[in-house]
Amino acid sequence: MGGERSHAPILAVRGNPVSGKISRVSRALALTLAVVCGTAMAAQARINGELGSRLGNGVAAAAVSFGSGLLILLAITAALPQARRGLRNVLGAVRGGTLRWWQCTGGAFGAALVASQGLTVTTLGVALFSVAVVCGQVTSSLLADRAGAGPGGPQPVTGPRLLGAGLALAAVAVAVADRLSATSDVALAATAVLAGAGIAWQQAINGRVREAAGGALPATLLNFATGTAVLVTVLAAVTAVRGLPGQLPPEPWLYLGGSLGIVFIAVAVTIVRVLGVLLLGLGMVAGQLAGSVALDLIAPAPGHQLAANTLAGTALALCAVAAGTFRRRSPAR
């Protein structure tokens, strides 16, 4: 596709090469990696939320996160001929029509997610933010799989998948039950839901770019380049209205969000073909929720306490993951 013929990820295909069946071991390994990615997302949310609070500007925090990740990826790509070849493959695929230009815009959805971290996490807490993101991510993943947006093609809408999406919606309702009187908190939770909905489409189209490039690194670089461009443009508009953000804080850990983003985006674009968009999203959800509860217990945002209904919503969201990952045995075609 667009030059070299793209190969399935090393996790992807074992067994019958004609039918493209994926072994249970490969699927289990990919699902484990998805959980690890979700944990990294929770840590990134805590970091970017704190950075946004220190700067007084969530968009500026997102731009710093994406921009630092982009600089790292540019340095790696400059040193690796295979990565540069992958970028040429993507360009050739777009020119040849096998990859649509809009399928290269996944970074815009990632930019929205990172910006929402900086805007909402210090108010909502990592756990409630994550539950809201889960709602958007799971329901949107169902639609993305049904539409065949990912590299694995269309996925059926089964009973367990619908149950998983329904439980995810219920989880958000439970998690925000004690904040319904605070209109601002509900609005922030809705922002996180919308950001989560974008994640599914980001993973799907980034997987397409990965297929065209023949590797995860070019797809990740393109994701960060697109996201950084969007955030810098928005930041310029925000700065013109509100003025410059606060001074950059000195703590080094506040600038690790971009590095964590590289990890989970690179892994996600590799394993989305193995799992499909919904199952990838559910695996990431499990890690994200577990990590977010741990962070809110160990290192909560200032003035924030983990509420019982947030824990209940988290448990219900994990039930959504379990329901969505259930698969019936089906005879080989």
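Residues are numbered from 1 along each chain as its sequence is written, and side-chain values use heavy atoms, with hydrogens and water left out. Because the model is predicted, local features need pLDDT of at least 70 and side-chain atom pairs count only at pLDDT 80 or more, while totals for chains, interfaces and linings use all residues.

The secondary structure comprises 10 helices and 0 strands. Helices (H or I, at least four residues) and strands (E, at least two) are DSSP runs, numbered from the N terminus. The pattern along the sequence is α-α-α-α-α-α-α-α-α-α. The protein has 333 residues, of which 51% count as buried. Buried means under 20% relative accessible area, exposed over 50%, and partly exposed in between (1.4 Å probe, protein chains only).

Helix α1 covers residues 24–55. Its 32 residues reach 46 Å from first C-alpha to last, close to the expected 46 Å. The expected span is 1.5 Å times one less than the number of residues. Just after α1, Gly56 adopts a positive phi of about 70°.

Helix α5 (residues 126–147) packs with helix α9 (residues 257–298): their axes come within 9 Å and cross at roughly 180°. The two are therefore roughly antiparallel. Axes are lines fitted to C-alpha atoms, for helices over the stretch in contact, and angles run from 0 to 180 degrees between N-to-C directions. Angles under 35 degrees count as roughly parallel, over 145 as roughly antiparallel, 65 to 115 as roughly perpendicular and the rest as oblique. Residues of the α5 contact with α9 divide into 16 nonpolar, 7 polar and 2 charged. Nonpolar covers Ala, Val, Leu, Ile, Met, Phe, Trp, Tyr, Cys and Pro; charged covers Asp, Glu, Lys and Arg; the others, Gly among them, are polar.

The count of aromatic pairs is 1. The ring centres of Phe66 and Phe224 are 5.0 Å apart and the planes stand at 40°, so the pair is tilted. Rings of Phe, Tyr and Trp (its six-membered ring) pair if their centres lie within 6.5 Å; planes under 30 degrees apart are stacked, over 60 edge-to-face, the rest tilted. Phe66 lies in helix α2 (residues 58–79) and Phe224 in helix α8 (residues 216–242), 158 residues apart. Both are buried.

Gly313 lies in helix α10 (residues 308–325). Gly313 is buried, at 0% relative accessibility. Its C-alpha is separated by 9.5 Å from that of Leu167, 146 residues apart along the chain.

The structure holds 0 disulfides (cysteine sulfur pairs within 2.5 Å). Cys37 is buried, with a relative accessible area of 2%. Cys319 is partly exposed, at 42%.
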